[in-house]
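Colleague: I would like to go through the helix packing and a few backbone details of this model. Please keep to what can be computed from it.

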Amino acid sequence: MAAATQNQALAAIVFLYKEVLNQPLPWLEGLDRANRPARLPTVLSTAEVQGLLGRMQGVKWLMASLLYGAGLRLRECLKLRVKVVDFDYRQILIRDGKGAKDRVTMLPESVVAPLREHLKRARALHDADLANGYGDVELPDGLARKYPRAPYEWGWKFVFPAHKLSTDPKSGVVRRHHVYENYVIRGVKEAARAAGITKHVSCHTLRHSFATHLLQAGQDIRTVQELLGHSDVSTTMIYTHVLNKGGHGVKSPLDRLEQGKATYAVTV
């Protein structure tokens with residue numbers, strides 16, 4: 001079992017005896033938790049990223065381009081609001097990211113024009129919803145109670161709205177949410193297969209590739225840390241493993257042989 005599965009099972013047992021059965025087991029509290037193994041992130045080369053994005057189009061291409069070009073997490077991309085995209089300063093303000101933190105990241109120049117066109121279509125969709133008696137959107141942290149008209153304002157709309165209206169399970173209100181996450185996940189996986197990429201590729205792989213390629217280009221690691229929203233630079237340091245070019249930059253003895261290129265013979 002994975003470490004997270006073991007720890008979750010242990011926490012469930014502790015909760016059962018302590019809170020439900022009211023029979024605390026002190027010796028359970030002292031058990032050692034399973035440690036998650038250190039894993040290096042999967043990183044695509046620039047050619048692989050180009051091949052993957054080249055096999056995507058429309059909204060899927062635009063979202064994948066932001067995942068790679070701005071280092072966004074999938075949930076951050078899905079939850080983008082119109083008002084946080086700053087075309088003049090070429091930046092995106094990420095609100096309530098991982099750890100409830102805000103940060104500013106770049107808006108890639110190559111997506112500015114496509115994103116403007118996409119927002120024009122999203123605005124037309126918003127106007128149609130208003131005309132049909134809908135048009136509100138879910139707001140975070142009870143802002144709808146403080147600003148009753150805010151849910152109907154264009155600036156609060158999701159950058160990537162869903163194709164259909166849906167009923168909010170909490171309030172029962174019919175409104176337009178953002179696109180479902182599987183919409184992008186499937187698009188990335190299908191594009192990776194079409195590009196012939198054998199690595200395990202996910203939406204988060206594009207964020208890993210964003211950080212690694214910035215470091216390869218000579219960007220300061222502190223800058224990359226801020227763009228990613230990491231609290232500790234040691235988290236960002238994990239992306240330097242690719243810069244070592246395998247084996248901590250040590251040249252293989254096979255490559256030092258004077259015999260030149262090795263021959264590869266197949267015996268049938």
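Colleague: This is a predicted model. At roughly what angle do the axes of α4 and α8 cross, and what is that arrangement called?

Modeller: In this predicted model, the axes of α4 and α8 come within 10 Å and cross at roughly 85°. Angles of 65 to 115 degrees count as roughly perpendicular. The two helices, α4 and α8, are therefore roughly perpendicular to each other.

Colleague: Which residues make that contact, and how do the residues of the contact of α4 with α8 divide by class?

Modeller: On the α4 side the contact is made by V59, K60, M63 and L67. On the α8 side Y183, V184 and G187 take part. By class, the residues of the contact of α4 with α8 are 5 nonpolar, 1 polar and 1 charged.

Colleague: At what angle do α4 and α9 pack, and how is α4 placed relative to α9?

Modeller: The axes of α4 and α9 are 7 Å apart, and the packing angle is about 40°. That angle makes α4 oblique to α9.

Colleague: Which residues of α4 and α9 are in contact, and what are the classes?

Modeller: From α4, the contact is made by A64, L67, Y68 and G69. From α9, the partners are C203, L206, R207, S209, F210 and H213. The contact of α4 with α9 has 1 charged, 3 polar and 6 nonpolar residues.

Colleague: Which residues of α4 are buried, and how far does α4 reach?

Modeller: Buried means under 20% relative accessible area. In α4 that holds for L62, M63, A64, S65, L66, L67 and G69. With 12 residues, α4 has an expected reach of 16 Å at 1.5 Å a residue, and its span from first C-alpha to last is close to that, at 16 Å.

Colleague: Is α9 enclosed or open to the outside, and what covers its buried residues?

Modeller: Of the 14 residues of α9, 12 are buried, so α9 is largely enclosed by the rest of the structure. Among the buried residues of α9 are C203, T205, H208 and T212. The cover over the buried residues of α9 includes α3, α4, α5, β3, α8 and α10.

Colleague: How far does α9 reach from its first C-alpha to its last?

Modeller: At 1.5 Å a residue, 20 Å is expected for the 14 residues of α9. The reach of α9 is close to that value, at 21 Å.

Colleague: How do α9 and α10 run relative to each other, and which hand does their crossing have?

Modeller: The axes of helix α9 and helix α10 come within 10 Å and cross at roughly 160°. That makes α9 roughly antiparallel to α10. The crossing of α9 and α10 is right-handed.

Colleague: Which residues have a positive phi although they are not glycines, and are they buried or exposed?

Modeller: Most residues other than glycine have a negative phi. N22, in the loop between α1 and α2, has a positive phi of about 55°, and R90, in the loop between β1 and β2, also has a positive phi of about 55°. At a relative accessible area of 61%, N22 is exposed. At 28%, R90 is partly exposed.

Colleague: Is V112 buried or exposed, and what is it in contact with beyond its neighbours within four places in sequence?

Modeller: V112 lies in helix α6. Its relative accessibility is 5%, so V112 counts as buried. Beyond neighbours within four places in sequence, V112 is in contact with F87, R90 and L107.

Colleague: Where is K98, and is it buried or exposed?

Modeller: K98 sits in the loop between β2 and β3. Leaving aside neighbours within four places in sequence, K98 is in contact with R73 and E76. Because its relative accessibility is 60%, K98 counts as exposed.

Definitions and conventions:
Residues numbered from 1 in each chain as written. Predicted model: local features only at pLDDT ≥ 70, side-chain atom pairs only at ≥ 80, totals over all residues. Heavy atoms only, no water. Helix = DSSP H or I, 4+ residues; strand = E, 2+ residues; numbered from the N terminus. Buried < 20%, exposed > 50% of the residue type's maximum accessible area, 1.4 Å probe, protein only. Contact = heavy atoms within 4.5 Å. Axes fitted to C-alpha atoms, helices over the stretch in contact; angles between N-to-C directions. Parallel < 35°, antiparallel > 145°, perpendicular 65-115°, else oblique. Left-handed = near helix turned anticlockwise from the far one by under 90°. Expected span 1.5 Å × (residues − 1). Nonpolar A, V, L, I, M, F, W, Y, C, P; charged D, E, K, R; others polar.
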